[in-house]
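Let's take a look at how charged side chains pair up in a protein. Have the sequence and the 3D view ready as you read.

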Amino acid sequence: MSSSAAGYDLTPLTEAQVEEKAASLTPEERQVLLNHGTEHPFCGTLLDNKLAGVYHCRLCDLPLFSSNAKFDSGTGWPSFFQPFDKEHIRYIEDTSLGMARTEVRCPRCESHLGHVFPDGPPPTGQRYCLNSIALVFQENS
């Protein structure tokens with residue numbers, strides 16, 4: 001078992017485990033999470049969420065981003081300046097669409113979350129631009 005500094009199990013899921021978890025996804029969720037799609041801007045359910053809590057991977061429930069790191073980027077997608085734990089994000093070079101970008105995925109289930117760009121606010125200067133549909137929000141109690 002591989003654990004993150006925050007104490008979460010990062011052991012990669014098997015293909016069978018991913019398919020089992022994906023069985024309950026809607027076609028749109030499958031398109032984004034498994035086929036690396038993107039939801040339309042300004043339509044995601046978590047874009048305007050201002051509650052305190054943690055955003056988890058929709059497929060495997062790994063905590064990905066804290067509401068403390070969320071900011072309004074004006075792009076139409078939920079944006080964060082840092083992950084919940086640096087080990088909770090996997091980075092992939094993405095050269096689709098004729099440009100170089102950095103895709104972000106869940107390291108446990110390989111779900112597509114969105115992309116990260118170097119134009120975010122301090123203290124990191126990063127903008128993790130995510131699909132609402134790839135996330136589940138859990139409010140702090």
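## Salt bridges in this model

Searching the whole structure turns up seven salt bridges. Keep in mind that this is a predicted model. The general idea is simple: side chains with opposite charges can pair when their charged atoms come close.

| Pair | N to O distance |
|---|---|
| E19 and R30 | 3.5 Å |
| D94 and R101 | 3.1 Å |
| E103 and R105 | 3.0 Å |

Start with E19 and R30, whose side chains meet in a salt bridge. This pair ties together distant parts of the chain: E19 belongs to helix α1 (residues 15-22), while R30 belongs to helix α2 (residues 27-33), and the two are 11 residues apart.

Are E19 and R30 buried, exposed or something in between? E19 has a relative accessible area of 41%, so it counts as partly exposed. R30 is partly exposed too, because its relative accessibility is 28%.

Now move along to D94 and R101. Their side chains also form a salt bridge, and here both residues are buried.

Next up is E103, which forms a salt bridge with R105. E103 is buried, and R105 is buried as well.

Technical notes: Residues are numbered from 1 along each chain as its sequence is written. This is a predicted model: local features need pLDDT of at least 70, side-chain atom pairs count only at pLDDT 80 or more; totals for chains, interfaces and linings use all residues. Side-chain values use heavy atoms; hydrogens and water are left out. A salt bridge is a side-chain nitrogen of Lys or Arg within 4 Å of a carboxyl oxygen of Asp or Glu. Helices (H or I, at least four residues) and strands (E, at least two) are DSSP runs, numbered from the N terminus. Buried means under 20% relative accessible area, exposed over 50%, partly exposed in between (1.4 Å probe, protein chains only).
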